[in-house]
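Reader: I've got a protein model open and I'd like to learn how to read it. Could you walk me through it?

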Amino acid sequence: MKELVFNIADIFNSKTTGGCLSQYEATSFHIPAYQRGYKWATGPNGAVTVLLNDLWHAFEKQEDEYYLQYITVKPLQLADDCHYLEVIDGQQRLTTLSILLSVLNLLQVDTDDSGNIACKKLDYAIRANFFDEFIYSQEKLAEVVDTNWDEFIAEDRERLDRQDIYYLYGAVKECDSFFVDKSKLLHDFKAYLFKHVKLIVNSVEQHIVSETVFKNLNSNKVPLSEVELIKALFITRVGRDKVKSSDSHFREVMEVRLGLSRTWEDIQQWAQSNAITSFYFDDKGSSLHELLKLTAL
């Protein structure tokens, strides 16, 4: 049975059985034509900067697990007979992580020979691959780092002067500047990133229309709460453990998960009743969240 949660090292792994790509017999992640361009901004409140700060904060605290929410993918075989994982949701995260890993590899070229695990792992449907040309090549990436925007687009303004490329360029510059005063800790940070930073991978069946899933996910997007995350991991892992411990068929596993889901809903309904909420949790916003904190303690 395929895994649900992967650390960063295994998200881009297409070689060993523990890798996300290898479990689907895929060579890379495919960014389809219906996806929007890359738009993660930099600056104090930009998504790239926020992600870098959050990752560094988790590294300093040595949190055992740091989750970047989830990505939604679908196994895909294109005309060239190559197998991919089509990215329905999570393009921005995967793109930013690919840039981050490439910059880290550039900055550690003299001290770390492990290579760039993200290299050649993003494939785009509608345009020449910016990553193949400017990110995966250390020589080209070094030029991007040392060049301002006007100089960067000067040689091919018609092709490069585009909004998504501007944001990609900005992410490269932001990653490089973020690590200026952190060079002595880069090796440890990279090791932490590989092992402890994780993504939840939600895979949909091949017969499902990708554009429909994408529209549903993005029309009314609500962040995954901690309570929802715990519920999803708990129910999924229990079902997976049952498969490992017996010869249960798929229907039996689903019955176990359904029973757990009903029990969870019963607990949630009890925790959110007026009497319980006011007496035990001082009318806090999520009584189930408070109950889970008590359980953890």
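Reader: Fine. What should I know before I start clicking?

Author: This is a predicted model, where local features need pLDDT of at least 70, side-chain atom pairs count only at pLDDT 80 or more, and totals for chains, interfaces and linings use all residues. Residues are numbered from 1 along each chain as its sequence is written, and side-chain values use heavy atoms, with hydrogens and water left out.

Reader: What is the average pLDDT of the protein chain?

Author: First the idea: pLDDT is the predictor's confidence in each residue, from 0 to 100. Here the protein chain averages 82, and 78% of the residues score at least 70.

Reader: Where is confidence lowest, and where is it highest?

Author: The lowest is helix 11 (residues 210–219), with a mean of 56, and the highest is helix 3 (residues 47–61), at 95. Where pLDDT is low, the predicted coordinates should not be read in detail.

Reader: How many helices and strands does the protein chain have?

Author: Helices (H or I, at least four residues) and strands (E, at least two) are DSSP runs, numbered from the N terminus. In this protein chain there are 15 helices and six strands.

Reader: And how do I read burial and contacts?

Author: Buried means under 20% relative accessible area, exposed over 50%, and partly exposed in between (1.4 Å probe, protein chains only). By that rule, 45% of the 297 residues of the protein chain are buried. Contact means heavy atoms within 4.5 Å. Of the contacts in the protein chain with a separation of 6 or more, 68% come from residues 24 or more positions apart.

Reader: Which residues touch the most other members of the largest nonpolar core?

Author: A nonpolar core is a set of buried Ala, Val, Leu, Ile, Met, Phe, Trp, Tyr and Cys residues joined through side-chain atoms within 4.5 Å. The largest one has 64 residues, and Phe-29 and Phe-152 touch the most other members. Helix 4 (residues 91–107) gives the most to this core, with eight residues. There's also a second, separate core of eight residues, including Val-227, Trp-264, Ala-271 and Leu-292.

Reader: What is Phe-29 in contact with?

Author: Leaving aside neighbours within four places in sequence, the contacts of Phe-29 include Ile-11, Phe-12, Ile-71, Leu-94 and Leu-122. Ile-71 is worth a click too: this residue lies in strand 3 and is buried, because its relative accessibility is 0%. Beyond four places in sequence, Ile-71 contacts Phe-29, Leu-94, Leu-199 and Val-201, among others. The C-alpha atoms of Ile-71 and Asn-202 are separated by 6.0 Å, although the two are 131 residues apart along the chain.

Reader: How do I judge the length of helix 3?

Author: Compare the end-to-end distance with the expected span, which is 1.5 Å times one less than the number of residues. Helix 3 has 15 residues and reaches 21 Å from its first C-alpha to its last, close to the 21 Å expected. Its buried residues include Leu-55, Trp-56, Ala-58 and Phe-59, and what covers the buried residues of helix 3 includes strand 3 (66–77), helix 9 (163–178) and helix 10 (186–196).

Reader: Which way does phi go in Gln-62, positive or negative?

Author: Positive: phi of Gln-62 is near 55°, in a residue other than glycine. Gln-62 sits in the loop between helix 3 and strand 3 and is partly exposed, at 48%. Lys-120 also has a positive phi, near 65°, and counts as exposed because its relative accessibility is 51%. Look for Lys-120 in the loop between helix 4 and strand 5 (122–124).
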